[in-house]
Amino acid sequence: MGLEKLHPFDAGKWGKVINFLKEEKLLSDSMLVEAREASDEDLLVVHTRRYLNELKRKVLRPLRTQTGGTIMAGKLSVERGWAINIGGGFHHCSSDRGGGFCAYADITLAIKFLFDRVEGIARATIIDLDAHQGNGHERDFMDDKRVYIMDVYNRHIYPGDRFAKQAIRRKVELDWGAEDEEYLSKVHRNVERALQEQPPDVVVYNAGTDILEGDRLGGLSISPGGIVKRDELVFRVVRGQQIPILMVTSGGYQKRTARIIADSILNLHNLGLIGPEMPSVSAQNSDTPLLPLLVP
C-alpha cells in the first residue's frame, strides 16, 4: 500500500531472504511450509478483544500471517528440533498494547500455544538478541516462572521500559557502538549460563539484525560476519544440548540485512546445525526432505 516508503523498515526483507536461499539452491518451493494467518481465536489466546478492536486490521494482515508463522514454527521446532520463521519477532507487543513496528505478540503466542497444546513443554527460554529491549514478551511473562528471559540490548535506545526489565532473568546492557569481540563474548557466555540456570524444553531465539553497523535505530557496530557468527554460536549451544529452537528474524532496518539473514541460514546449514539430514528433523509424508522454514 506504499506504507513501506514512510518508515525505515525494509518491508520486502522476508521475501528477499527466501529468494537468496533459492538462488543458493538451499530451498525450493516444495521445501517451504507456508504460514497461515493467525485468526482472531488464535490472537485472543494472548490479546484482549479491546486491543484487537483498536487495530487497523486490513493493513496488518501481513503481520498476522507472520504471527501465524511463529506459532506454526513453535510446533515444528519441537517436532523436528529447529524451525526458522522468516519474519516474526514482534517483541515490543504485549497482550494489550503494541509498540515499535510490533502489532501482535507472536513470541508470547508461540510459547503459550506450546505450553497449552504440546505435551512435555513446561519451560521455555527466550534469547532476545535484537538491539532493542524485548519489553512486550517481558510484560506478558512478568509473573510466569516457566519462562526464562535473556535480553541483550543497547541500553540507551527505545523502549527503555523499566517495568518490563523486572522480568529479565539475564540482562546484558550494551553501550553505543559495541563491536564484534565484546558482543560475541558476552552473548556466548550468557547463553550458556542461561541454559544452565533454568534448562528449558524449548528456546525462542529473537535474532534481530538491527545490531548491524550503520543501523540508525540499533546504535551498535556489529559486522555482517559477526551476525552470522552470533547465530551460529546460539544454535551450537542450544542444539548441542538437544533443545528445540525456534528462530524469528525481528528487527533490521537496512537493505542489506536480507542478504545477511540468508548467509546466516546457509552457514547454519553448511555446519550441520540445521537441515533434514539431522536425526531430530523428520520429513514424514513427503518425498522431499522438508526444511521447516516458514514464508511470511
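Reader: How many aromatic pairs does a search of the whole structure find?
Author: Two. Rings of Phe, Tyr and Trp (its six-membered ring) pair if their centres lie within 6.5 Å, with planes under 30 degrees apart counted as stacked, over 60 as edge-to-face and the rest as tilted. Phe101 and Tyr253 form a tilted pair, 5.5 Å centre to centre with 55 degrees between the planes. Before we go on, this is a predicted model, where local features need pLDDT of at least 70, side-chain atom pairs count only at pLDDT 80 or more, and totals for chains, interfaces and linings use all residues. Residues are numbered from 1 along each chain as its sequence is written, and side-chain values use heavy atoms, with hydrogens and water left out.

Reader: Why does the pair of Phe101 and Tyr253 tie together parts that are apart in sequence?
Author: Phe101 lies in the loop between β2 (82–85) and α5, and Tyr253 in the loop between β7 (245–248) and α10 (257–270), so the pair ties together parts 152 residues apart in sequence. Helices (H or I, at least four residues) and strands (E, at least two) are DSSP runs, numbered from the N terminus.

Reader: Is Tyr253 buried or exposed?
Author: Tyr253 is buried, at 17% relative accessibility, while Phe101 is partly exposed at 35%. Buried means under 20% relative accessible area, exposed over 50%, and partly exposed in between (1.4 Å probe, protein chains only).

Reader: And what about Tyr205 and Phe235?
Author: They form an edge-to-face pair, 6.4 Å centre to centre with 70 degrees between the planes. Tyr205 sits in strand β6 (residues 202–206) and Phe235 in helix α9 (residues 224–240), 30 residues apart. Both Tyr205 and Phe235 are buried.

Reader: Switching to strands: how do β4 and β5 pair?
Author: Strand β4 (residues 147–154) and β5 run in the parallel sense over five bridges; two strands pair if DSSP finds at least two bridges between them. Asp151 has Lys171 in β5 as its bridge partner.

Reader: Which face of β5 is covered?
Author: In β5 (residues 170–174), the covered face has Arg170, Val172 and Leu174, and the uncovered one has Lys171 and Glu173.

Reader: Nice. Last one: which residue lies over the face of Phe20?
Author: Arg259, at 4.4 Å from the ring centre. A charge sits over a ring if NZ of Lys or CZ of Arg is within 6 Å of the ring centre and within 35 degrees of the ring normal.
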